[in-house]
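Let's take a friendly walk through a protein model together. Have the sequence and the 3D view open, and follow along from one part to the next.

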Amino acid sequence: MFQKIRNKKSDASVLSDMVDKQRRYDSLVRALHTDIYRYAFWLCGDKHVAEDITQETFLRAWRALDSLKDDKAAKAWLITILRRENARRFERKQFDYSDVEQEQLEDVFSSSNEDETEQYWLRRQIGKLDIEYREPLLLQLIGGFSGDEIADLLELNKNTVMTRLFRARNQLKDALDSPELRGQSNG
Amino acid sequence: MDDLQFRRQAYGDPNDQSEDFLKHIAESPDDAKLVNDLKNLDNRLNQALNINVPDDLAEKLILRQQLNQHQQHKKRTRYLMAMAASIAFIVGVSFSMLRFTPVDLSEHALAHVYHEAKALSTNQDIGYNDVNFKLASMSGLQQSKFIQQPGRVFYTAYCDFQGVKSLHLVMQDEHGEKVTLFIVPAEKRLKLEEAFADSKYQGQGFKTADAYMILVGEEGSDLNFVKNEIENTFI
């Protein structure tokens with residue numbers, strides 16, 4: 001009799017743990033999938049690969065969800081998983097999605113009017129940035145992380161991060177400020 | 001804040017809110033313009049970075065997780081089923097092993113005599129009706145009984161021969177020596193030896209219609225006498 005009550009109770013609590021976990025996962029997905037997908041895209045430059053990486057990232061996150069203690073750290077946690085997942089892609093890679101060849105950045109953006117033409121051009125410039133300059137910039141702009149947090153995530157010291165951010169912005173600003181180059185690369 | 005440090009900071013994070021940085025901007029209109037330009041650049045970059053996310057991505061992520069969980073659940077169920085099946089199998093096998101392993105009656109009989117020493121020191125006088133009463137409650141021996149008193153019976157009790165309920169009697173031979181008799185319902189897995197002995201006791205086994213009879217007495221006791229007596233009184 002007691003046994004029965006106890007069993008019932010623990011069944012119920014197991015069930016509610018499951019429901020809690022599911023709810024937590026759902027809100028994690030809804031709150032962060034946009035940022036994670038965008039980050040993945042700018043990391044690899046291909047929307048299908050970005051979707052794959054995002055899927056893998058969230059699946060791993062689900063399996064390890066119990067290890068995420070602080071929900072505020074969720075974004076950094078997911079980005080860490082995503083970066084590992086992206087690195088794994090290179091370990092087993094068959095196809096060459098090299099970061100250096102971002103000139104072949106997929107043409108997913110229509111360029112019907114001038115505004116969008118500029119955006120298209122700017123996107124190519126971002127894609128052309130070396131990954132080591134691009135990534136801190138992505139973390140700052142998409143992730144909204146501070147210099148210290150970026151240093152933590154990339155396992156660099158803060159000075160290096162600031163230097164890279166400087167170079168990234170400098171390069172983009174130069175490109176924007178020199179219309180000849182811009183005209184050339186626009187073909 | 002010197003100029004170099006300022007530029008580094010401005011390019012590193014134009015939205016920096018540190019006091020030094022804000023003060024520097026307030027003091028130098030040129031640098032303020034630079035910071036503004038950089039903020040402007042950031043806005044454009046942000047717009048450029050905001051690529052379209054597939055509409056159903058969130059749903060896909062949740063679906064994938066649920067399929068994965070479902071599969072794991074199925075795997076776990078299959079594992080549990082396999083576990084349950086193998087446990088049931090082992091239980092079944094060992095149960096039948098237990099049931100069908102041959103039991104050496106003579107060995108057990110001797111062990112029993114040693115073990116139940118008090119049986120041989122008891123000096124009751126039990127009537128054969130009492131013995132019959134006990135026999136009647138044993139499976140396979142409901143029909144068997146003594147038709148008359150088989151000499152004096154000192155002791156009677158149920159005992160267990162490897163899961164077979166049997167009857168333990170102490171009787172006497174011609175010269176008053178105590179002889180132990182075990183009545184065991186006949187079962188296929190029981191193995192009966194006609195004669196056996198160890199350093200202290202000797203024994204005989206024989207079969208009646210429904211039961212095995214095992215006699216154990218000290219060396220020199222006349223087991224044949226008891227055997228005859230039983231054959232004449234037990235049906």
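A residue is called buried if 20 or more other C-beta atoms lie within 10 Å of its own, exposed if 12 or fewer do, and partly exposed in between, with the C-beta atoms placed from the backbone. By that count A:Glu155 is exposed, as 6 other C-beta atoms lie within 10 Å.

Here is how to read the model. It is a predicted one, in which local features need pLDDT of at least 70 and side-chain atom pairs count only at pLDDT 80 or more, while totals for chains, interfaces and linings use all residues. Residues are numbered from 1 along each chain as its sequence is written, and chains are lettered from A and ligands numbered from 1 in the order in which they are written.

**Chain A**

The pLDDT is the predictor's confidence in each residue, from 0 to 100. Chain A has an average pLDDT of 80, and 76% of its residues score at least 70. Over residues 100-104 of chain A the value is below 50, and this stretch has 4 contacts in the model beyond near neighbours in sequence. A contact means that the C-beta atoms of two residues, placed from the backbone, lie within 7 Å.

Helices (H or I, at least four residues) and strands (E, at least two) are DSSP runs, numbered from the N terminus. Helix α5 of chain A, residues 131-141, has 8 of its 11 residues buried, so the rest of the structure largely encloses it. Among the buried ones are A:Arg134, A:Glu135 and A:Pro136.

Back to A:Glu155: where is its place? A:Glu155 is in the loop between α6 (147-154) and α7 (158-177) of chain A. Its phi is near 55°, a positive value in a residue other than glycine. Most residues other than glycine have a negative phi.

The axes of α6(A) and α7(A) come within 9 Å and cross at roughly 105°. Axes are lines fitted to C-alpha atoms, for helices over the stretch in contact, and angles run from 0 to 180 degrees between N-to-C directions. Angles of 65 to 115 degrees count as roughly perpendicular, and α6(A) and α7(A) are therefore roughly perpendicular to each other.

**Chain B**

Chain B has 8 helices and 8 strands, and buried residues make up 26% of its 235 residues. In this chain, 6 strands form an open sheet in the order β2-β3-β4-β8-β7-β6, with antiparallel pairing. β2 (153-161) and β6 (195-197) of chain B stand at the edges with a single partner strand each, so one side of each lacks a neighbour in the sheet. Two strands pair if DSSP finds at least two bridges between them. The table shows two of these pairs.

| Strand pair | Bridges | Residues standing opposite |
|---|---|---|
| β2(B) and β3(B) | 8 bridges | B:Tyr158 and B:Leu167 |
| β6(B) and β7(B) | 3 bridges | B:Ala195 and B:Gln204 |

β2(B) and β3(B) form a hairpin with 2 residues between them, and B:Gln162 in the turn has a positive phi of about 45°. Helix α7 of chain B (residues 128-136) lies across β2 and β3 of chain B, running at about 10° to β2(B).

**Where the chains meet**

How many residues of chain B are in contact with chain A? The contact joins 24 residues of chain B with 33 residues of chain A. On the side of chain B that touches chain A, α3(B) gives the most, with 9 residues.

Methods:
Angles under 35 degrees count as roughly parallel, over 145 as roughly antiparallel, 65 to 115 as roughly perpendicular and the rest as oblique.
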